[in-house]
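Hi,

Here is the model I promised to pass on.

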Amino acid sequence: MVSFELLLAALSMAAPIMIAALGELLLERSGRVNLGVEGMMAFGASVSIMVTSISDSPVIGLLGGLAGGFIISSIYTVAVLALRLDQIVVGLLTVFLGIGLADLLAATGHTIAPALTPWSPAHMTIIFLTLAAPAALWILLYKTWVGVEVRAIGTDELAARERGLRVDIIRTIAALTGGAAAGVAGAYMALTIYNGKYFSGLTAGWGWLAIGSVILGFWNPVGVAVAAYSIGLLILLRPYTISLGVPSYIAHATPYIAVLLALIIVSRLARSPRWKPPQTL
Amino acid sequence: MLLLEERGGVSRLMVILGAVTGVLIGFSLAVLLTLIAGVSLAGALNALAYTYASGPAIASILALSGPIACSAIGLTVAYRARLITIASEGQVIAGAIAALWLLAYSGLKMGPLEGFMAPLLLSGLLGATIGFLVALLKVKLHVNEILSSLMINYIILVVANYIIGGPFREGPFAITRSVPHEYRVSYIIIPAVTGLITLLLWFLMSRTKLGLAVEAYGKAPRAAETYGYNPSRIIFSVALISGFTAGIGGALMILGFQYSMSPMSVFPGYGYMGVLVAWLSANNPLAAFAASLFISSIAVYGRLLQASGVPLGYVLGAQALIVLSALTAVTLVKYRVRWL
């Protein structure tokens, strides 16, 4: 039953969670959290469908999604990084704001567009980039000076400031990159997973699953990728579990239940000092 | 680098005026946003006038404020103790299901007083149970309550949809039985109930030992612990209180305006609106009561425009915009922004 095709299909399913989670990881490593992933994904999804339906090109649509996520994360950047508003409050507000704006945009009539067909060259490129991203982010964080700077800011903001590290600039770049990643993730959901459609409630909590995977992966790029992939596999297996006799409502709740259980296990492991989250979070 | 410099001598009145200005700016932007969906400016303003000046709309504002205020007032207490739970959304849904079961499925015959009090109590207890779970996960297993409460919301949504489409299904369509007419309450009753809860929690916070403990723990957790306050007891208490009130909100939703339920493709949002209200009111129960009426009016406004093509997601988006605008305005009143 476990075949190569299944594992590959799970990768296609997990890709948006992985992309959004890696973007969020970068920001969290620099010591801030943006809970707005769900909203940035929704807005990215809506913008991508609009752009694709106008341009007829899903690839340009993906770039539109990227821009959409970027726009919403710039609200977070101004409110949290410049005006020092509470990051939790602003994050949740951007969830609602992003979804609201996404639905409004869809109300202009752009809800159907040409899909980004699975396993087309463009789709293969995205999958390849998604697979390369954890390694690239790992090298960036652990093998470059910029990575040391990012992690230092996340570990001890005051000391980093004293030492003249570029706290605000790095966090701004991280927040906007995270937003762009979430936007692409949402665009991917709409263009590939839902075959070029946008509808209200499309993101269905996947943004939260992405934030969950950051914790499950212990703030390590490879760990986060594994966590996101496992959640994608669980989502893909939902129809199989139903055919095995599991009631469908339980099957539909599995990703959320799994993340909850995993958080419990991870929180127990996290007692050891080796597995500490970035301290200024 | 951007620097925030505290302005000296900013009075409380200035802060409140700043917040009101922020709300008005956010509100104007929210009204203009409806133009994206193809509403004409005249249509948007007409709907605005109708929202605040017509009997049916005001009745709706009062009715919808029930679950919003119940969530918000409890959350002000939880947030003061730094328990950032978002579970109110799930608690409202669960409370609604519990009230619906009691009144339309249990077969119990109740008089007017029991028929009103019993669903409130049952829904409140179910909400408190969910709150207990969130607190247990936080205190005993150190799970971040924001994520755990959100996951719980999604699980509750899935289970509620199963109950509505399965055991509660009535007839060929996926819709439940309705609450019998004798149990339904008028929109006048709803602010009376939420007003009473507000006063109770205001009394609890300002006149009791628990209120003092919550206040002390919220302001300085370490110091409070050193002085002998038990943090887990405080967290459990506020989780139970906020869960109980949000659960009552679910009962009010069923008794006051919803009457029956059908499967939900997205969250109804009253619990999330309660979160917004708690923030807008700076965690003050009395202010939360007033703010929930205002947030409820935005929901009514959004619904009025639904016929003109404004989507459902607009409501929470507009409310979030208003809260964000208010918080920004308050910061700008309190601090001077300078480039360094």
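Between chain A and chain B, two residue pairs are in polar contact, both at pLDDT 80 or more. Please keep in mind that this is a predicted model.

What do the two chains bury between them, then? The figure is about 3800 Å², with 85% of it on carbon and sulfur atoms. On the chain A side, A:Phe96, A:Leu104 and A:Tyr249 lose the most area to chain B, and together they make up 18% of what that side buries. Counted by residues, the contact takes 45 from chain A and 43 from chain B.

As for where the chain A side comes from, α3 (58-82), α4 (87-106), α9 (206-216) and α12 (248-269) each supply at least two of its residues. The largest share, 12 residues, comes from α4(A). By class, the side of chain A that touches chain B has 30 nonpolar, eight polar and seven charged residues.

Now for chain A by itself. Chain A has 12 helices and zero strands. Its radius of gyration is 18 Å, close to the 19 Å that the globule rule gives for 281 residues, so chain A is as compact as a globular protein of that length. Its C-alpha atoms fill a box of roughly 55 × 40 × 35 Å along the principal axes. Of the 281 residues, 56% count as buried. Among contacts in chain A between residues at least 6 apart in sequence, 78% join residues at least 24 apart.

Best wishes

Technical notes:
Residues are numbered from 1 along each chain as its sequence is written. Chains are lettered from A and ligands numbered from 1 in the order in which they are written. This is a predicted model: local features need pLDDT of at least 70, side-chain atom pairs count only at pLDDT 80 or more; totals for chains, interfaces and linings use all residues. Side-chain values use heavy atoms; hydrogens and water are left out. Contact means heavy atoms within 4.5 Å. Buried area is the accessible area (1.4 Å probe) that two parts lose on being put together, summed over both. A polar contact is a pair of N or O atoms within 3.5 Å; within protein, one must be able to donate a hydrogen and the other to accept it, and residues adjacent in sequence count only if both atoms are side-chain atoms. Helices (H or I, at least four residues) and strands (E, at least two) are DSSP runs, numbered from the N terminus. Ala, Val, Leu, Ile, Met, Phe, Trp, Tyr, Cys and Pro count as nonpolar, Asp, Glu, Lys and Arg as charged, and the others, Gly among them, as polar. The radius of gyration is taken over C-alpha atoms; the globule rule is 2.2 Å times the number of residues to the power 0.38. Buried means under 20% relative accessible area, exposed over 50%, partly exposed in between (1.4 Å probe, protein chains only).
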